[in-house]
Amino acid sequence: MTGRDRISAENLHAGYGTQDIVKAVSCSFAPGTFTGIIGPNGSGKTTLLRAFSRVIPSGGILELDGKAVSDHTPTELGMALGFVPQDEARPFSYTVMQVVLMARYARTSRLGSLMPEDYSRCHQAFAQTGVAHLADRSIRTLSGGEWQRVLIARALAQDTKVLLLDEPTSHLDLSHQSEILSLMRDLAESGVTIIGVFHDLNLAALYCDRLIMIQNGQMVADGPPAQVLTPEKIRHVYGAEVVTSCHPATGRTFLMPVKTQNGNGSALSLMNVQVISGGGSGSDLMRFLAGKGLAVSAGVLATTDSDYLTATALEIPCIPVLPFSQIPAHALEKLRTMLAKADKIVLSVHPVGTGNLPVLQVLRDMNPARIIIHLPEGRDFASFDFARGAAVTAYHDLRTAGAYTATSYEEIVAFLRADALRKPQR
Amino acid sequence: MTRTVPVIICLSIAAITTIVLCTFIGPAGFGFVSTASGAADIIGSIRLPRVLAAFFVGASLAVAGAAMQALFKNPMADPYILGTSSGGALGASLAIVFFGGLFVPVFAWIGAVVAILIVWSIAGRRGVISVETLLLTGIAVSFFFSAIVSFLIAIAGQNVHQIIFWLMGGFWNASPADAVLSACILIPAGLLLFFMGRDLNALSLGEETAAHLGIDAARARWTVLGGSTLLVAGAVSIAGSIGFVGLVCPHIVRMLLGPDNRVVIPACILVGGILLVISDTLTRTYFSDLPVGIITAFIGAPFFIWLIWQRGEVT
C-alpha cells in the first residue's frame, strides 16, 4: 500500500448476512488507472464493487486516499466516489435533469439552492453521455440504454476522483458502448481512478489497462489484459475454450470462444486424429474436427501456411517448418512418431510439389486402414499435382492400398464414429 | 419548476378559504354574520376546533404518505403501511372493551407507536435492514394486530358499534385541545420531513443510490420513519384510521408539481388538509355525521381509479 493509491484494500471480506462473497481480496488502485474486474457469473464482481463503495459492510482494511473508508463522512464519500449501477428502480417520474442534479447533493447545503456551476457541470455530463436532448423527459419513459447513460451522467456530475462502474455498457448498443468507454478512458487519462465490472472480456481488454479476475470471491489474476486473458486462465475460471490473439488493428488482446468440447460421452472425444494438410486445405477441417471434440494434431506445416495459423490458434500440435524449402529429415522423423500415435490419419488432399512430396511417402509406410483421404467432391488428384505426376501416383497408391476416401467432413466424422464404436468390441 | 410557486400560492389561498367557509357551514346552518344565540359558541368551540383538527390530521396523513411512498420506492404505499393503523385500532379497541371507552386516544397512540417499535425491532434484528424487510414485517404485524381487533369485536358485545366507528375514523369529539395537539405534532414533524426532502428524493431511487450520492442513508431512513410515525400516531389517536387521504394526496400533488419531495411535502400539507376538511364538512352537514373515513374512501377510491385510468402510469 503506497500513499499514492486512491483506493487500497487489504484482506477485504464482504458479503450478505453471514456468508462472505468476497474473500481476502487485496489490491490497490492508483490515480489515472482504468481497471476491469472480470469473472464468471456469481463470482463476486459486483459484491466487490459494492464493498469498495461501502454500501455493504466489509471486513479487512479498506482505505480511500490513505484514510479508512469508515472515517469518511457520507458527504465526503459522496464527493469522492461515484457509482454507476447496472440498473436502478424508477418508481417516480422525475425528469432526467432532476435525477442528474441529485449528483450535486453532496456539494450543496440541505436547502441550499444550486449554483450556476452545478448546472453547468450537469450540462457537461449530459453532453459527455449524449443525453442532453432527454433533459426534460420523465425517467420512466426512457429506454434501458438511455437510462443507463443518464446514470452515467449523474455519476460524472458528481465530479469524483473515483468512478465505480457496474457493467456500465450492459444496455448500450455498439456505438454508445465505445463512446462511453472511450470517455472513461479519457477520464482515466485525466487522473480519475476507474474500476469497472465487465462481462464482455473483449471490451475489458480493449479499454482497461489492468484486469482483475475473480473466482469464487477470490482474486485469481491481476495484471495487464494480455497476462490475464490467457486460454488457460479462461478455461480454468470460466470453463470455456477460447483462442486469444493480439488484434492487428488495436494491438490489444482479444479472444474468441471456440465450440466447447461437449464430450457428451461420445466415443469421438477419446480419439486422436492427425490431419495432414497444406496450403490452407486443412483449416476448416481442423476446426470442424476440433469442434466435434476430437483430439486433433496436424502434420508438417510451413509457418506461412494458413493451416499453421489455424493450428496454433486452436492449440493443435504440429511440426512447423520454413516455407519454400525442403522438409528436413528430422521433421519427417517427428511426423513418423506422431503418426504412429494417432488413431486415425485424415489426409486432406492438398497441393503437392517436390518440396512436400516426402510427406506422402511417409504415409505410404503407414497401415492404409488408418488413413482417410478427404477429396472434395468434383475434384481429382491431378489438380493438386505440382510434382510432375509423382503426387497423383502417391495419392492413387494410398487409395488402392485400402485408404478410405471421403468427400465431405460429415462423411469423415461418420467413418470415425463407426470406427470408434467398433473398437471397444475388439 | 416554474409553476411551483404559483401552485403553492393557489393551494394556500384554497386552504384558508376552505377553513373559513367550512367553519360557517354546518347542520345548525348559520350564515356568515349570525346573531342567533349560541352561534358564536357553536362556531368557536365546536366547528372551528373540528375544522382545524381535520385540517392538521389530513395534512399529517398526506405528508406521512408522501414520505412513506418515497422511502419504500412505492407509489402504492400509504402512511399506515408499517402497522400504525392496526396498532392504533388495537389500542383503541382495548380501551373501549376493557376501560369503557376511557382514554381511547391515549391507548390508540400507544398502540400505534408500539406497532412501529415492534416492526422496527423485528426488521432491524440483524443489524442491516432493507426497506423491503421493513415493509413485509409491517404487513405481517398489521395482520396480526387486525386479527386481535377482530377478536375483540367478536367479544365486544354492545361496544361493537363504537369500535367499528372508531375504525372508520372521524372527528365527532374533536376538542380545541385536539386541534392544538395535532398542530403541535404537524409543525415540527412536517418541518423535519420538509428538511429531509432531498434525502427522500435520493431514497426514492434506492438506499444504495442515496448512499452513493453522499447521503447518510441509514440515518435518513430512521429520521423519516420517526417523523412519519409521530405524524401518523398523532392522527390515529385523534381521529382513528382515516383511509385514502395519505395515499391519494401525494399523487395529486405529484400530478400538479412533479415528484420532487422538497415541493411535495409542503404541498401535501395543503392538499391533505383541504381534502379532509371538505370531507368532514360533507359528512357532518349532509350525511348525519357518518365516519369521515367512509367519505374519503368513497371519493378517494374512484378518484384514484380515474387517476390510473388517465395517466396510464403512476406519478
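1. In this predicted model, helix α14 of chain A, which spans residues 390–400, has A:Ala391, A:Tyr395 and A:Leu398 as its buried residues. Viewed down the axis of α14(A), these buried residues fall within an arc of 60°, so they line one face of the helix. On the face turned away from that buried side, α14(A) carries the exposed residues A:His396 and A:Thr400.

2. The cover over the buried residues of α14(A) includes, within chain A, the strands β18 (352–353), β19 (371–374) and β20 (385–386), together with the helix α13 (357–364). Just after α14(A) comes A:Gly402, which takes a positive phi of about 125°.

3. In chain B, helix α3 (residues 84–98) packs against helix α5 (residues 131–155) at an angle of about 20°, and their axes are 8 Å apart. Because angles under 35 degrees count as roughly parallel, α3(B) is described as roughly parallel to α5(B). The crossing in which α3(B) passes α5(B) is left-handed.

4. The residues of α3(B) that meet α5(B) include B:Leu90 and B:Val97, while those on the α5(B) side include B:Phe145, B:Ile148 and B:Leu152. Sorted by class, this contact of α3(B) with α5(B) has 7 nonpolar and 5 polar residues, and no charged residues.

5. Turning to the contact between the two chains, chain B gives 23 residues and chain A gives 23 residues. On the side of chain B that touches chain A, the elements giving two or more residues are α8 (197–203) and α9 (207–212) of chain B, and the largest share, 4 residues, comes from α9(B). By class, this side of chain B has 9 nonpolar, 8 polar and 6 charged residues.

Note on methods. Residues are numbered from 1 along each chain as its sequence is written. Chains are lettered from A and ligands numbered from 1 in the order in which they are written. This is a predicted model: local features need pLDDT of at least 70, side-chain atom pairs count only at pLDDT 80 or more; totals for chains, interfaces and linings use all residues. Axes are lines fitted to C-alpha atoms, for helices over the stretch in contact, and angles run from 0 to 180 degrees between N-to-C directions. Angles under 35 degrees count as roughly parallel, over 145 as roughly antiparallel, 65 to 115 as roughly perpendicular and the rest as oblique. A crossing is left-handed if the near helix is turned anticlockwise from the far one by less than a right angle, and right-handed if clockwise. Two residues are in contact if their C-beta atoms, placed from the backbone, lie within 7 Å. Ala, Val, Leu, Ile, Met, Phe, Trp, Tyr, Cys and Pro count as nonpolar, Asp, Glu, Lys and Arg as charged, and the others, Gly among them, as polar. A residue is buried if 20 or more other C-beta atoms lie within 10 Å of its own, exposed if 12 or fewer, and partly exposed in between; C-beta atoms are placed from the backbone. The arc is that of the directions from the helix axis to the C-beta atoms.
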